[in-house]
Amino acid sequence: MTRALVVIDGEHYAPVVRDAIAGLPYAVLGAWRAGGTEKLRGGEDYGVPLVDSFDVALADVDVVVDLSDEPVLGPRERFLLASRALAAGVRYEGADFRFEPPHYAPFPLPSLAVIGTGKRVGKTAVTGHVARLLARDRDVVVVSMGRGGPAEPEVAAIQPTLASLLDMSRAGHHAASDYLETAALTGVVTIGCRRAGGGLAGGVVTSNVEEGAALAAERDPDVVVFDASGAAIPPVETDARILVSGRGHDPLAYLNPYRVLVSDLVVLVGGGDAGAIRELKDVRVLPAELRLRAVAPLRGRRVAVFTTGPAATDELDAEVVSVSRNLANRPRLAEELARTDADVYLVEIKAAAVDLVAEAALMRGAEVVFAENEVVCAGLDEAILGLVPAGARA
């Protein structure tokens, strides 16, 4: 029979709680009292023993049933409890909600995953940094999951070029998918996969990542790096995870504490409360910034810059004549392209980079140069290398 731990509070009379526990379809091993004193008289009998530690009790149960309520547990506190349960592989449910721990398929090779708290937090930039660092003395394969990935996993064994990306775009494919960006900017073999849907804890409705992981395993590299998509987590078990959180994202909101708890390193791009994260888990937290960098010389020419979000351009060796942050907003991007007059179009490989920006540049006789977001983070390389499994070849 399913074993349960119940979460209770002192705002309910004990007889009410005892009857509710007795009516559950589970073998209830104990109750954890979250707080509240209003209806406690002393010597309460809940029909099951009280436990002192929520986290310790999780080791013996299959489900946590939340019988508490506000004001003892508000939404943020409940999400935190749910995150702790899910990280322990335990289901968390209550009156009108049910959270299942995400499933991760086993993977046979040394591996790392780079996950995020959402879209456009710098996750793909960190993935590229990890891939380049490890590829210095190892055979590395990246498995990238995206919302625009291919129907069947595709292996980018040859570094994509502007010409090959244009060919893909003109054939009706998404030519700026994360796997193509990673392959083009790092030169590392990258396998593109797709996913649809994303749960609060990072689960996906459907994906072909397991098939992509099997292709990676067939190549027998030294290390495989799994690149997540938005807040969704690749459904494959890895030896370690790196969590990336960016500006405007709270790594302790909703079920983000789950992402912290299942990670071994946290990278805060653009700032964040490292202390609060460490209170949740004793994990290394590193502040980082992203610096826009051209992959080919600009040589002081007139340059139009195209990105998906804010990016400083003052360190570019160029006369920056315009900046668009609307790669992901096609109508506004089209309006800006109609007004753009530059010798070079510097563009991130994202969103409409190929089918709109690159095509517009070619029509105007301008050169296209790809841009990458360089990760500036003291101690990052050391931290990454420390996560590589001891048995990985180097």
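**Entry 1: a helix and a sheet**

Which strands does α3 lie across, and at about what angle does α3 run to β4? A reminder to myself before I answer: this is a predicted model. I found α3 lying across β1, β2, β3 (63–66), β4 (91–93) and β5, and running at about 155 degrees to β4.

Next I looked at the sheet itself. I see five strands in an open sheet with mixed pairing, in the order β2-β1-β3-β4-β5. The edge strands are β2 (27–33) and β5 (98–99), each pairing on one side only. I followed β1 (residues 3–8) and found that β1 and β2 pair in the parallel sense over six bridges. Within that pairing, W32 in β2 is the bridge partner of V7.

**Entry 2: the helix up close**

I checked the length of α3. This helix has 13 residues and reaches 18 Å from first C-alpha to last, close to the 18 Å expected at 1.5 Å a residue. I then asked which of its residues are buried, and my list reads R78, F79, L81, A82, S83, A85 and L86.

**Entry 3: the cores**

I went on to the nonpolar cores. The largest one has 50 residues, and those with the most contacts inside it are L5, V7, F54, V64, Y92, V143 and F226. The element that gives the most to this core is α3, with five residues. A second, separate core has 30 residues, among them L165, A175, A342 and A366.

What does Y92 touch, leaving aside its neighbours within four places in sequence? I found contacts with V7, F54 and V64, and also with D66, R78, L81, A82, A85, F97, R98 and F99.

**Entry 4: salt bridges**

I counted 25 salt bridges in the structure. I picked R84 and D55, whose closest N and O atoms are 2.8 Å apart.

I then turned to R91 and E93, which meet in a salt bridge at 3.0 Å, N to O. Both R91 and E93 are buried. I also traced a network of salt bridges that links R91, E93, R98 and E100.

E359 is in α11 (residues 353–364) and R170 in α5 (residues 162–170), 189 residues apart. R170 counts as exposed because its relative accessibility is 53%, and the cut-off for exposed is over 50%.

**Entry 5: a stop at S207**

I finished with S207, which lies in β10 (residues 206–207). S207 counts as partly exposed because its relative accessibility is 25%. Not counting residues up to four places away in sequence, S207 touches R194, R195 and P235. I also looked up S207 against E367: 160 residues apart in sequence, and 36 Å apart in space, C-alpha to C-alpha.

Notes:
Residues numbered from 1 in each chain as written. Predicted model: local features only at pLDDT ≥ 70, side-chain atom pairs only at ≥ 80, totals over all residues. Heavy atoms only, no water. Salt bridge = Lys/Arg side-chain N within 4 Å of Asp/Glu carboxyl O. Buried < 20%, exposed > 50% of the residue type's maximum accessible area, 1.4 Å probe, protein only. Helix = DSSP H or I, 4+ residues; strand = E, 2+ residues; numbered from the N terminus. Core = buried A, V, L, I, M, F, W, Y, C linked by side-chain atoms within 4.5 Å. Contact = heavy atoms within 4.5 Å. Pairing = 2+ DSSP bridges. Axes fitted to C-alpha atoms, helices over the stretch in contact; angles between N-to-C directions. Expected span 1.5 Å × (residues − 1).
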